[in-house]
Amino acid sequence: IKGEMMRPAAQQYVVTRPLYSEESFAQDHEKIYRHRKTMLDHVKQYFTCDTKRAKNTALSLLPVIGWMKAYRFKEWLLGDIVSGVSTGLVAVLQGLAYCLLASLPPWYGLFSAFFPVIIYFFLGTSRHISVGPFPVLCLMIGSAVTRLVPDEGPAFNITGFEGLTRDEQRVLVASSVTVLAGIMQLAMGVLQVGFVVMYLSDTLVSGFTTAAAIHILVSQLKFVLGLEVPGISGPLSLIYTLEIIFNKITSTNVCDVVISIVIMVVVFIVKEINDRFKSKLPVPIPIEVIMTVIACGVSYAFDFKTRYGIDVVGYIPKGYEAPVAPNPQIFQETAVEAFPIAIVGFAVAFSVAKVYSIKHDYTIDGNQELIAFGVSNIFGASFRSFAASTALSRSAVQESTGGKTQVAGLLSAVIVMIVTLAIGFLLEPLPKSVLGAVIIINLKGSLMQFREIPYLWRRDKADCVVWLSSCIGAFLLGLDLGLAVGLGVELISVILRTQFPRCSLLANIRGTDIYKDRKDYINIYEPEGVKIFRIPSPIFFANIEFFRNKLVEAVGFNPLRVLRKRNKALRMIRKLLKKGKLQWTSIGFLNTSCGPINESEDESNMEELDQPTDFKDFPARIDWNAELPANIVVPRVEIHSLVLDFAAVSFLDISGLKGLKALLKELIRVEVEVYIVACDPYILEKLHDCSFFDDEVQSSMFYLTLHDAMLHILEKHPEPTQKKSDYEKVKKTHHPPGSLRSRDRNVGISLKLCFSLSMVFEK
């Protein structure tokens, strides 16, 4: 019958192999010797140069050579031209708008949309991102700019500020900060430390960019409302800015508000149409560009600046300015701001580039991207541009309009250059409230990230805490300190998860070689006297004590306490035997004293209590779980075997190694057999190198799999007949007695394991 589930078909697989400990497996299966490179080998290889490596280095440093060789002119050129023109128009508008966030004259944003793009064309590995201003970076630069050159009051006493106007001082600060951030990016790329961006998780970046969106929104309110609000930086700057805005709200310019509302409504509606019909539209409607052109025309025709007193872009000089050298004193003052700018700029660009590289099936190199952005920022800042990254909306335009390579990016830079050199004057009557409105409406995606909070709280509360910490930290303390707070909370969450892992006791799923948490399943089998303890994290200095406490809790006794009690009991029994108050008979100890025997409180030689129990002068070993003579009480140990599952233990440091060895010795000394299973070969090798093994802790306790160890335990400690049927699905075929090896000589029991697997097929 169509759609009906077929009857589950049972499939079986049969495995016949010896039972393996790590030692017996190593004896039966020879390993291939692999030469491990030392640090010196890596250094020699790094500095070795030949023709092939020189060629590969040149290609890696200039990726343009590689993809230009494979450029398909007939298929890609038209798409790149259309994409370049579309992206260029958006880049012009965003360059002017985002420059307001950096507290700089608007035309400097055109420089940032031109110079970095040229360098990235040659050095970048992504073919689809649009390099240029990014609002969060602009805001971070603006924070540094307004701190050193405030709107009200004198600027910092910095050599080189003499004779410069306030705008020129701000441009010098922005370019110097950008050079410093570029130097940091270039250094990280050369040192091959591009992996540092991996510490910025998606959750942290999401919370941080959401707070940045709020900062951007508040910073643009003064343009949308037509108010004069001084730039404020530092902790709580957002609160102080809002206070000033609310105090001046009665001075709002109604014309600016009306223009902004109209722009935002129209742009929002058309963007929704673009999203809904993107599969049918050949090119997204460039509504921001269209509305900007209309606003320019209307503002010029009705002379908004004179009649309504609105603030416009104003004079835009033609051409480019001469290169300027960075100010070393500004480096010292802004190093704290430059580092997060370098990290955030690269992290955002790399994340966007990675999305498009996966979509279009090519690879990007994180270290080369660092070099590309580092050189782009250093070169661009020399011509007074500010830090560049990528804007998701601009990159989406470049990719969605048919862009295949950075040829589209180069053509977008040409469009920006044409505006800068020839037609920039047409944008002079553009109201700044239009730019503010465009910026605010483009924050929709970032602000909507608040919807992630309920999802994160349900799925992963630790990630939710990271999101809230980075968002609240950036909201209250500023973007630079907020990023540090978010990163700190994220690292603490990782440390806590590693330091306090969820340890568990495992049990066998009946009739299989599968072992799961005993709390999660009903049909399980647990041999009497056996505990299986799983450690789901590395064992190192920070969690070795936690691991010990959890293990003691799982087995139900403290081995060190039990050992001391037993040695103290032995000491007392020896004294009683010596005094004749106790005698050994064929049926056990006989109390020959008439009165009660009081336990001795002699605490001398306490260190002897931690040593292995010594029965050398006793006629027989003492059964510690039986009733002891002279009313001596020792805690019972209900287990005879403990299996430690090391499958999830990825590394073991020296402190963890010492703590583990001490714990194993304590367990062995109270006559608990310990088995360690599924240990990583690297860890096992490290244990041998660190002289971990001795007469008590032996390498024979390591077994290849959990099931191997359990079968060995069942052979050594057979279950009672009535319970043995619980495990009868595991068929064991014994070798002749002469070929059977004990645990100390590596067990070699041939097994035939039959497992049932149910598979469901749908017709």
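Visitor: Which helix gives the most to the lining of the second largest pocket?
Guide: Helix 9 does, with three residues. Bear in mind that this is a predicted model.

Visitor: Which other helices supply at least two residues there?
Guide: Helix 10 (202-225) and helix 19 (432-441) each supply at least two, as does helix 9 (166-190).

Visitor: How many residues line that second largest pocket, and which lie nearest its centre?
Guide: The lining has 28 residues. Nearest the centre are Arg 166, Lys 222, Phe 223, Asp 311 and Lys 432.

Visitor: What about the lining by class?
Guide: Twelve of the lining residues are nonpolar, five are polar and eleven are charged.

Visitor: And how much space lies in the second largest pocket?
Guide: About 690 Å³.

Visitor: Let's step back. How many helices and strands does the protein chain have?
Guide: There are 29 helices and 14 strands. The chain runs to 763 residues, and buried residues make up 48% of them.

Visitor: What share of the contacts join residues at least 24 apart?
Guide: Counting contacts between residues at least 6 apart in sequence, 80% join residues at least 24 apart.

Visitor: Take Met 264. Where is it, and what is it in contact with?
Guide: Met 264 is in helix 12, which covers residues 254-276. Setting aside neighbours within four places in sequence, Met 264 is in contact with Ala 437, Ile 440 and Ile 441. Val 434 is 170 residues from Met 264 in sequence, yet their C-alpha atoms are 8.7 Å apart.

Visitor: Cys 255 and Cys 690, then: buried or partly exposed?
Guide: Cys 255 counts as buried because its relative accessibility is 15%. Cys 690 is at 31%, so that residue counts as partly exposed.

Visitor: Where does Asn 508 lie?
Guide: Asn 508 lies in strand 4, residues 504-509. Its relative accessibility is 0%, so Asn 508 counts as buried.

Visitor: What does the side chain of Asn 508 reach?
Guide: It reaches the backbone oxygen of Ile 514, at 3.5 Å. Separately, Ile 524 is 16 residues from Asn 508 along the chain, with 5.4 Å between their C-alpha atoms.

Visitor: Asp 708: buried or exposed?
Guide: Buried, because its relative accessibility is 1%. Asp 708 has its place in helix 28, residues 706-716.

Visitor: Which residues is Asp 708 in contact with, leaving aside neighbours within four places in sequence?
Guide: Arg 17, Pro 18, Leu 19, Tyr 20 and Tyr 703.

Visitor: Last topic, backbone angles. What is phi of Asp 361?
Guide: Near 60°, a positive value in a residue other than glycine. Most residues other than glycine have a negative phi.

Visitor: Where does Asp 361 lie?
Guide: In the loop between helix 15 (328-360) and helix 16 (366-382). Asp 361 counts as exposed because its relative accessibility is 72%.

Visitor: And what is phi of Arg 384?
Guide: About 70°, a positive value, although Arg 384 is not a glycine. Its place is in the loop between helix 16 and strand 3 (389-390).

Visitor: Is Arg 384 buried or exposed?
Guide: Arg 384 is buried, with a relative accessible area of 19%. The cut-off for buried is under 20%.

Conventions
Residues are numbered from 1 along each chain as its sequence is written. Side-chain values use heavy atoms; hydrogens and water are left out. Helices (H or I, at least four residues) and strands (E, at least two) are DSSP runs, numbered from the N terminus. Buried means under 20% relative accessible area, exposed over 50%, partly exposed in between (1.4 Å probe, protein chains only). A polar contact is a pair of N or O atoms within 3.5 Å; within protein, one must be able to donate a hydrogen and the other to accept it, and residues adjacent in sequence count only if both atoms are side-chain atoms. Contact means heavy atoms within 4.5 Å. On a 1 Å grid over the protein atoms alone, a cavity is a set of points where a 1.4 Å probe fits but cannot get out, and a pocket is an open set with protein on both sides within 12 Å along at least five of seven lines; lining residues have an atom within 4 Å of a point. Grid points are joined across faces, edges and corners, and a volume is the space filled by probe spheres set on the points. Ala, Val, Leu, Ile, Met, Phe, Trp, Tyr, Cys and Pro count as nonpolar, Asp, Glu, Lys and Arg as charged, and the others, Gly among them, as polar.
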